[in-house]
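Please look through the sequence and the three-dimensional structure shown here before reading on.

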Amino acid sequence: MSNFFGWEVRNLPILGLLWRQIEAAPKPVPEDSILLRVMVQALVIVGIIAVDVAAGVATDELPLTIWAAPLSIIGAIWSWYNRYKRNIPAKFCLAIGMLLALADFLGRLVTELSDTRLVLGEFLIQLQVLHSFDLPRRKDLGYSMTIGLILLGVAGTISQTLTYGPVLLLFIAIAIPCLILDYRSRLGLQSRILGKTSEVKKKQQKISLLNATLSPKRLTILLLVIIGLGLGIFALLPRLPGYQVRTFPVSAPINFDVENFDGRTITNPGYISQGRGDGDDSGGGSGTNQESGPGTLDNTYYYGFNTKINQNLRGQLIPQIVMRVRSQAEGFWRVLAFDKYTGEGWEISRNDKSFTLNRPRWSYQFYVNWPRNRFENETREVIQSYTIVSQLPNLIPALYQAREVYFPTEKIAIDPDGNLRSPLELREGLTYTVISDVPYRDRTILNQVGTNYPESISKYYLQIPPEIAEKVRQKTEEILANKNKVAQSSNPITSPYEKALYLSQYLKQNPNYKLQKEPPFFVEGEDLVSAFLFGYQNSPEGEKIIGGYGDHFSTVLTIMLRSIGIPARLVAGYSPGEFNPFTGLYVVKNTDAYMMTEVYFPGYGWFAFNPIPGMPLTPPSIEKNETFSALMTFWKWVAGWLPSPVTGFLERFIDGIFGWVLGIISWFFALFSQGWQGIFTGLILATSLAFLGWLLYIFWRGWRYGRWLAKLSPVESIYQQMLSLMASKGLVKHRFQTPFEYTQAIKEYNSINEVEIIEEISQAYVGWRYGRKEVNLTRLKNLLRSLKRSIRRRLN
């Protein structure tokens, strides 16, 4: 029946030609190396494990390693036993399975457009499982190796922890012998050797071949060299800020009823569940934080994320990771700002003015077009992607000022201070992306800004309780007056920026104001700022305690600035956290949360100052260069082991070299902005440098060639010089040519005298090399000189 079907197909006009071409094509040669098949299978399984480890195993989904790895192994075993069969029914089934996998992939692609990496990884795993049932040829094994490498790459892009590192090392350790076996299979080395010997010699040569190419010692050395080179390149590789695509990581859509969401409620699980019934208050949780009166701090959730915060709480947080951030620049992950001081804390006075933002159904993008002034200062776009590790309040951390937010809910909210809010708490595993326009901080420009504050600013950000206003103002002016007196009026502090800067330094460096581990509670009617500056009424007898927690410093600075007419507000958020150079992520803990003071400058917006001792005076921002962040992290680790004088000398030396090099580069490129004269000067200089570089390269090649000749025996040195001389004429000796074959090949291109010299030198070399015959070195040297003179005369 099959023969009849084949005869009928052959007689068809188009299909007949195709059928005859298929029959004439050589049959695929199955790969018989069990070791290569096992190594390839191990490589694929490691790729599957890498995707599972990087993505994390979801509780509602079956881990890939539970079903994909065993099925792939079963498929590899089946394909081994059926490698010589045509397996046409199986191939039809595999084709159907791959089409179903493609349909599933395209369906999921539509619903998860925000981040398709994991979808792609799962699709490749499905294809590999099906492909493992049909691996007769080495080329098919090569496809599996490629899929394993792609899976490892996908895992690398979604990994956020160092657990990916051991999997990567395991993949490299398996890939090295796998590539060796694959290359040996390409050459057909094993089949040629085993086809010419007896059965005993077959086994002996197979073992010796494996030992020669796959010995543990050689593989270990190769693995260490590869890892060393990889780490070196990784450390020196510049991290340039920039996204080549505009599709950012976002979690899958969250189905949540947002009809009643108005953005007024902040839900912090660290606060005691309570409410005032007006709909504008904070929702609570099961924590220990209370909004007023003495109390105990919740040890998990930071107290500063609420519509009303109480700084009369005492206690410490237990460190735990709350989120991981991938950002183009280091910064202060801003969460919440407060404008109204209550005496024992802060609250948001315009919480009822919060409003919601909507996004289209086909996109995750929110445009943050809330009313704000158009500032004159230059900004830089910074993209940040946040992944929540443990539950947080429904506040969205972001660099200030956010322009676009990619978030999985249908709505988000924003208040008049630019604080972003989610309809629900930020749950574990949630991912979102923010694009912010971060302003540059130019001290010279900000010093020249006046004090013409708009009414919308002075109305809300100069508020201060009248009972402490005069006392705090006198204290602040006294501090500034003492500074001007010390400066002998040569450089008095007059600008709001310098006043904010000096007061921050004063609180930070003044030994009287100390960070207290456990400051006393405020007594009834006592004010935080008064207690901090002048002493707690609840201090132990005979002891005067001033200072407080770190956040208390920021509260005091804010009120001191307000007391002298400078608008300021308190802002809470997270420090950058610990940067991991291997993952490129900032690991942020709950203990990284703190508060700073933001000061308003007309026409330029808000800029933060940090008066907390032991912390930078201003938060890190876009001015800091992160191009070689991995190298800087490695240097900090090395510097920690060196004495301070040595570290200081090396830092000055390296800074000097880098400064000198960057100065020359900047000067060179600046020439091209100086008109035609500068352009021609730059081109002449570039051409001269290129010519000098070429001369140095020629000299270096000649020096290396001379060193190489010096290591050879005199006879071989003369022979190699002759070959080099002939190669300069374009007569290159190929590797497959013997000396005599080469001599015969170049006869027609040289004179009779030159051919005789070449033959004599070649015969002398062959006799010395293979027959151990004595040679006349003096005659060979003279012959080489004669050949050089002859060729030189012909060329001239």
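## The chain as a whole

Among the contacts in the protein chain with a separation of 6 or more, 71% are accounted for by residues 24 or more positions apart. The model described here is a predicted one, and its secondary structure comes to 24 helices and 23 strands. The protein chain has 796 residues, of which 45% count as buried.

Which residues of α11 are buried? They are Leu219, Leu223 and Ala235, and because these residues cover an arc of only 125° around the axis, they lie on the same side of α11.

## Two pairs of packed helices

Helix α15 (residues 496–509) and helix α17 (residues 550–563) have axes that come within 10 Å and cross at roughly 145°, and the crossing in which α15 passes α17 is right-handed. On the α15 side the contact is made by Ala500, Leu503, Ser504 and Leu507, while α17 brings Phe553, Val556, Leu557, Met560 and Leu561. Sorted by class, this contact of α15 with α17 has eight nonpolar residues, one polar residue and no charged residues.

A second pair is formed by helix α21 (residues 714–727) and helix α23 (residues 752–771), which pack at an angle of about 140° with their axes 10 Å apart, and here the crossing is left-handed. In α21 the residues that take part are Val715, Glu716, Ile718, Tyr719, Met722 and Met726, and they meet Ile758, Ile761, Ser762, Ala764, Tyr765 and Trp768 in α23. By class, the contact of α21 with α23 has 10 nonpolar, one polar and one charged residues.

## Two residues in loops

Asn289 is found in the loop between β2 (283–285) and β3 (295–296). Is Asn289 buried or exposed? Its relative accessible area is 0%, and since buried means under 20%, Asn289 counts as buried. When its neighbours within four places in sequence are left aside, Asn289 is in contact with Gly270, Tyr271, Ile272, Thr296, Leu297, Asp298, Tyr301, Tyr303 and Leu313. One of these, Tyr301, is 12 residues from Asn289 in sequence, and the two are 8.9 Å apart in space, C-alpha to C-alpha.

Gln401 also has its place in a loop, in this case between β12 (379–388) and β13 (402–406). The peptide bond that leads from Tyr400 to Gln401 is cis, with omega near 0°.

## A residue in helix α3

Ile34 lies in helix α3, which covers residues 34–55.

Note on methods: Residues are numbered from 1 along each chain as its sequence is written. This is a predicted model: local features need pLDDT of at least 70, side-chain atom pairs count only at pLDDT 80 or more; totals for chains, interfaces and linings use all residues. Side-chain values use heavy atoms; hydrogens and water are left out. Axes are lines fitted to C-alpha atoms, for helices over the stretch in contact, and angles run from 0 to 180 degrees between N-to-C directions. Helices (H or I, at least four residues) and strands (E, at least two) are DSSP runs, numbered from the N terminus. A crossing is left-handed if the near helix is turned anticlockwise from the far one by less than a right angle, and right-handed if clockwise. Contact means heavy atoms within 4.5 Å. Ala, Val, Leu, Ile, Met, Phe, Trp, Tyr, Cys and Pro count as nonpolar, Asp, Glu, Lys and Arg as charged, and the others, Gly among them, as polar. Buried means under 20% relative accessible area, exposed over 50%, partly exposed in between (1.4 Å probe, protein chains only). The arc is that of the directions from the helix axis to the C-beta atoms.
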